[in-house]
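Subject: Handing over a structure

Dear colleague,

Please find the structure below, together with its sequence.

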Amino acid sequence: MHPWLRLLGKPWFVAATVALVVLTTVETALGNGALGVLAAVTGALLGTIVLPMCTRTGLLLGSFLLGLRVRHIVFGAGRRLGTVRAGQVEVTFRTLPVVLSADIGPRREPVIARCWTAGLVSALFGVAVATAGWFGLGTPFWDGFAPAATAVLLYQLIPGRTPLRTSTGWLLFGLPRQDAGRAREFRAGAYAAEAHRLLQRGELDRAQAVVDELGGIAPDSHTALSCRVTMHEARGEFDTATMLLLGQLSEQQPPRREMCYMLAGLAGLGLAAAEAGQLPAADIVPTAERALHDSVRLGFPAFELSGTFGLLALSQGEPAEAVRLCGTGAEYSTSTTSRADNLATLARAYMAEGENGRARETLAEAERLADWWPRVRSVRERLDVVG
């Protein structure tokens, strides 16, 4: 199908087109002319940008006040400008200040009540902004801003939870209605967050203790399995981690969101196991490739998996493509270990192209982040052999 035809079927494109036609018709009928139409379109555009940023700001404020875990805040889109640390929170700034996102999750009980209240604060921020827009109705700018902000608010109040996105509506209406099993999984996220925090600091033994505690509380949960897999990966036991995930996928059919994460994890671990010689590449690389594409098909954003696609390209003898993809992966990584891992792959890709100098520079950056990470150590050993 031609790209333009695919574009015509996108909901956001249809909504933008309808809004443009409606605003043009209304402003023309009111006698505001071309400048009125331009002001209304500008207001609508800003409404679609400002409203989500305000609801996210409300969620952040509620999270800080209610004791939720806030690990990483990203302000803007596009190329990374820099990252600063405020306490235990990393704040990354990007070139286009049009979005605000954050890695937020449970930290301590009562988990569900805290998250629901944070969602309420988020919704109230959105309602306040949308309502303020309606008070300006009668001028072209606010004629565009108010309905656009209201439409975005209503969309955000629809319960939805996909990879890397949880809507305000899900926190308000979906979270309290979970069954006992799903609620237990959600509460287990507090243990996973603590284990992840310790792991990012290289404190493997303390992280393992948290994972063991979680295993005693919810041994059969997907969260506990994910934590065990991550600990095996952190110790360089890629084969064991891969087989754990394969076993879980063969025994159960997890929900779509969890399936996305598990397939993405399986892809990265399988490729790492093949790279390390822990599993036969002829068997595991095709499996990893299928898992990677299935994860994207189920909803995982492809650009967030750029590093894994880069590792796949490297395993298939395409170092130039691996350089491009792993550069993107390192740029958009949201954790210390994932960025170090992507940089390790990038260094290996440079080595495959015969650019050992650039490989050393890249690896030095990875080592500043996590010199203990298994794939970082592995690349260091390879470079030391090359000399």
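Ten residues of domain 1 are in contact with 13 residues of domain 2, where contact means heavy atoms within 4.5 Å. Please keep in mind that this is a predicted model, in which local features need pLDDT of at least 70 and side-chain atom pairs count only at pLDDT 80 or more, while totals for chains, interfaces and linings use all residues. Residues are numbered from 1 along each chain as its sequence is written, and side-chain values use heavy atoms, with hydrogens and water left out.

The two domains belong to a protein chain that is divided into domain 1 (3-68 + 112-177), domain 2 (69-105) and domain 3 (180-386), with bounds that come from an automatic or database domain assignment. Between the C-alpha centres of domain 1 and domain 2 there are 21 Å. Together these two domains bury about 880 Å², and 79% of that area is on carbon and sulfur atoms; buried area is the accessible area (1.4 Å probe) that two parts lose on being put together, summed over both. M53, L60 and L68 supply 52% of the area that domain 1 buries against domain 2, which is more than any other three residues. On the side of domain 1 that touches domain 2, the residues divide into six nonpolar, three polar and one charged, if one counts Ala, Val, Leu, Ile, Met, Phe, Trp, Tyr, Cys and Pro as nonpolar, Asp, Glu, Lys and Arg as charged, and the others, Gly among them, as polar.

How many salt bridges are found across the interface of domain 1 and domain 2? The rule finds zero there, a salt bridge being a side-chain nitrogen of Lys or Arg within 4 Å of a carboxyl oxygen of Asp or Glu. A search of the whole structure, however, finds 18 salt bridges.

One of them joins the side chains of D103 and R71 (2.8 Å, N to O). Because D103 lies in strand β2 (residues 89-105) and R71 in strand β1, this pair ties together parts that are 32 residues apart in sequence; strands here are DSSP runs (E, at least two residues), as helices are (H or I, at least four), and both are numbered from the N terminus. D103 is partly exposed, with a relative accessible area of 25%, and R71 is also partly exposed, at 23%. In these terms buried means under 20% relative accessible area, exposed over 50%, and partly exposed in between (1.4 Å probe, protein chains only).

R69 is placed in strand β1 (residues 69-86) and is buried, with a relative accessible area of 14%.

Elsewhere, E90 forms a salt bridge with R85, their closest N and O atoms being 3.0 Å apart, and R85 is exposed at 53%. A network of salt bridges links E275, D341, R348 and R375.

Finally, L137 sits in the loop between α4 (111-135) and α5 (140-156) and is partly exposed, with a relative accessible area of 44%.
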